[in-house]
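Reader: I am new to this structure and would like to go through it step by step. Could we begin with the overall picture and then turn to particular residues?

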Amino acid sequence: MTLPRVKISYKNGAIGQVEAMADGCVGMIALGATETEGFKLGTTYVVKKLSALEDLGVTVETNPNLYRNVKDFYAESGDGPELYLMGFPAAETFTSVLDKDNLAGARLLIQETVGKIRALVVFKTPEKDYELTLSGEMDQDVTAALSKAQGLGEWATDQLKAPIFTLLEGYGYSGEALSLTALTTMKHNRVGIVIGDTQADSPNACMGIVAGRLAISPVQRKISRVKDGALTPLTIYVGSDPAEIADVEMVHEKGYITFRTFVGKSGYFIADDNLTTEVADDFRSVTNRRVIDKAYRIAYNTLIETLNDEVPIASDGNLSPAWCASLSGDVEQAIISNMTANGNLGNDPGDSSDTGVECNIPYEQQILSTSGLQVELRVKPAGYAKYIDVELGFKTA
């Protein structure tokens with residue numbers, strides 16, 4: 001028999017704090033990488049700063065393109081963000097590596113990181129005797145890979161429940177903006193193409209810069225946001241010309257991600273965050289893509305707890321209205337905690353009832369005969385001041 005006592009135990013979980021999601025987790029695919037003692041092709045590596053890459057034996061001498069893109073990434077993001085790397089031989093192509101059916105390609109990187117990656121950036125250093133064949137004023141491998149990258153993103157979404165999008169290097173851009181293939185007629189809303197580099201007439205693009213800005217931006221934040229300041233490079237070229245005199249307006253209108261300057265502001269900025277799809281597509285921008293993908297992940301993680309669970313049935317054979325309200329409330333609260341509270345949605349901060357999310361589970365569902373459950377989920381994106389018109393005149397007495 002124990003002595004009389006008072007025992008107090010701690011009840012955890014009442015506050016409802018949630019672990020921050022890895023919204024800015026980027027995977028970097030380098031074609032034309034060279035093996036070192038610590039860096040093997042087809043193998044997944046993770047670094048959090050440039051010196052960790054150097055510890056793998058990847059330097060400006062052994063892997064100049066991979067090294068400079070990782071260096072650019074951390075110059076833009078600062079040390080800390082996780083960057084997952086995988087290298088491939090110079091003979092590989094974007095089309096092959098991004099094929100969802102290639103078990104040793106980018107798919108392997110996604111699987112080995114257990115769906116943690118939100119975005120892939122892909123660039124290449126072909127062999128010296130590589131014959132560049134233009135299609136739409138850039139390497140034909142770029143345009144051929146668009147459907148493969150889209151398929152990879154859809155596969156990751158459907159099979160792993162871990163949606164991603166891919167930013168492809170506009171390798172071999174000729175500098176002829178007018179003749180570029182118009183991406184605004186396509187339907188690849190999980191793929192974007194980047195044009196522009198830190199050297200004139202470079203066949204590559206500064207993918208590390210874009211990836212670094214992406215890694216530190218919340219999902220609703222445009223990587224082209226001027227308030228976040230200029231990019232780190234001193235000069236960015238689009239073809240043979242610096243961005244300030246290049247035809248970046250045409251490159252942008254064709255649907256590519258490129259770079260620009262502003263009169264009165266020093267430095268270079270990303271022009272916009274286009275994906276390769278129609279203007280009417282809700283997910284044409286990287287921001288909307290990231291917002292809806294984050295909502296997808298949260299909803300999945302919440303609803304998976306209900307899979308194969310008992311469902312109460314009302315006397316009329318439909319779902320219990322109380323149960324529907326409870327589950328929809330769980331989904332909404334998960335998104336509020338992970339997104340609304342972090343400013344990821346376009347809710348009105350002056351209206352406490354506007355959470356930016358609405359989940360509805362209609363109770364008139366015959367789940368007894370179908371075993372199916374229909375859920376309607378909507379999240380409200382932020383708006384963006386892309387076009388500002390000012391009427392300016394004199395003020396009279």
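Author: Of the contacts in the protein with a separation of 6 or more, 72% are accounted for by residues 24 or more positions apart. Please keep in mind that this is a predicted model.

Reader: How many helices and strands does the protein have?

Author: The protein has 10 helices and 14 strands. Along the principal axes, its C-alpha atoms fill a box of roughly 80 × 75 × 55 Å.

Reader: And what percentage of the residues count as buried?

Author: The protein has 397 residues, and 47% of them count as buried. The protein exposes about 20300 Å², of which carbon and sulfur atoms supply 50%.

Reader: Let us turn to salt bridges. What does the count come to?

Author: The count comes to 17 salt bridges. One of them joins D141 and K124, whose closest N and O atoms are 2.9 Å apart. This pair links distant parts of the chain, with D141 in helix α5 and K124 in strand β4, 17 residues apart.

Reader: Is D141 buried or exposed? And why does K124 count as it does?

Author: D141 counts as buried because its relative accessibility is 7%, and buried means under 20%. K124 is buried as well, with a relative accessible area of 2%.

Reader: Which ring does K124 lie over?

Author: K124 lies over the face of Y171, at 5.3 Å from the ring centre. K124 therefore has two partners to look at in the model: D141 through the salt bridge, and the ring of Y171.

Reader: Which lysine has its charged end over the ring of Y384?

Author: That is K222, whose charged end sits 5.0 Å from the centre of the Y384 ring. The side chain of K222 also meets that of D272 in a salt bridge, at 3.1 Å from N to O. D272 lies in the loop between β11 (265-270) and β12 (276-277), and K222 in the loop between α6 (207-215) and β8 (237-238), so the pair ties together parts that are 50 residues apart in sequence.

Reader: Are D272 and K222 buried or exposed?

Author: D272 is buried, with a relative accessible area of 4%. K222 is buried too, at 9%.

Reader: What about D354 and K380?

Author: Their side chains meet in a salt bridge, 2.8 Å from N to O. D354 is in the loop between α9 (321-338) and β13 (357-360), and K380 is in the segment after β14 (376-379), so this pair ties together parts that are 26 residues apart in sequence. D354 is buried, with a relative accessible area of 18%, whereas K380 counts as partly exposed at 35% relative accessibility.

Reader: A change of topic, then. How many aromatic pairs does a search of the whole structure find?

Author: The search finds 4 aromatic pairs. Among them is the edge-to-face pair of F73 and Y74, at 4.8 Å centre to centre with 85° between the planes. F73 counts as buried at 0% relative accessibility, and Y74 is buried with a relative accessible area of 6%. The pair of F262 and F269 is also edge-to-face, because the ring centres are 5.3 Å apart and the planes are at 70°.

Reader: Are F262 and F269 buried or exposed?

Author: F262 is partly exposed, with a relative accessible area of 25%. F269 counts as buried, at 2% relative accessibility.

Reader: Where is F88 found?

Author: F88 is found in strand β3 (residues 83-88), and it is buried, with a relative accessible area of 5%. Leaving aside neighbours within four places in sequence, its contacts include I29, L41, V97 and A104. F88 and A104 are 16 residues apart in sequence and 9.8 Å apart in space, C-alpha to C-alpha.

Reader: And R68, which helix does it lie in?

Author: R68 lies in helix α2 (residues 64-77) and is buried, with a relative accessible area of 18%. Beyond its neighbours within four places in sequence, R68 is in contact with D197, T198, N204, A205 and C206.

Reader: Finally, which residues form a nonpolar patch on the surface?

Author: Y130, L132 and L134 form that patch, with about 260 Å² of accessible area together. L134 lies in the loop between β4 (119-124) and α5 (140-160) and is partly exposed, with a relative accessible area of 43%.

Methods
Residues are numbered from 1 along each chain as its sequence is written. Side-chain values use heavy atoms; hydrogens and water are left out. Patches are made of residues with over 30% relative accessible area and no salt bridge: like charges are joined within 9 Å, nonpolar side chains (Val, Leu, Ile, Met, Phe, Trp, Tyr) within 5 Å. Accessible areas come from the Shrake-Rupley method with a 1.4 Å probe; for residues, only the protein chains shown count as cover. A salt bridge is a side-chain nitrogen of Lys or Arg within 4 Å of a carboxyl oxygen of Asp or Glu. Helices (H or I, at least four residues) and strands (E, at least two) are DSSP runs, numbered from the N terminus. Buried means under 20% relative accessible area, exposed over 50%, partly exposed in between (1.4 Å probe, protein chains only). Rings of Phe, Tyr and Trp (its six-membered ring) pair if their centres lie within 6.5 Å; planes under 30 degrees apart count as stacked, over 60 as edge-to-face and the rest as tilted. A charge sits over a ring if NZ of Lys or CZ of Arg is within 6 Å of the ring centre and within 35 degrees of the ring normal. Contact means heavy atoms within 4.5 Å.
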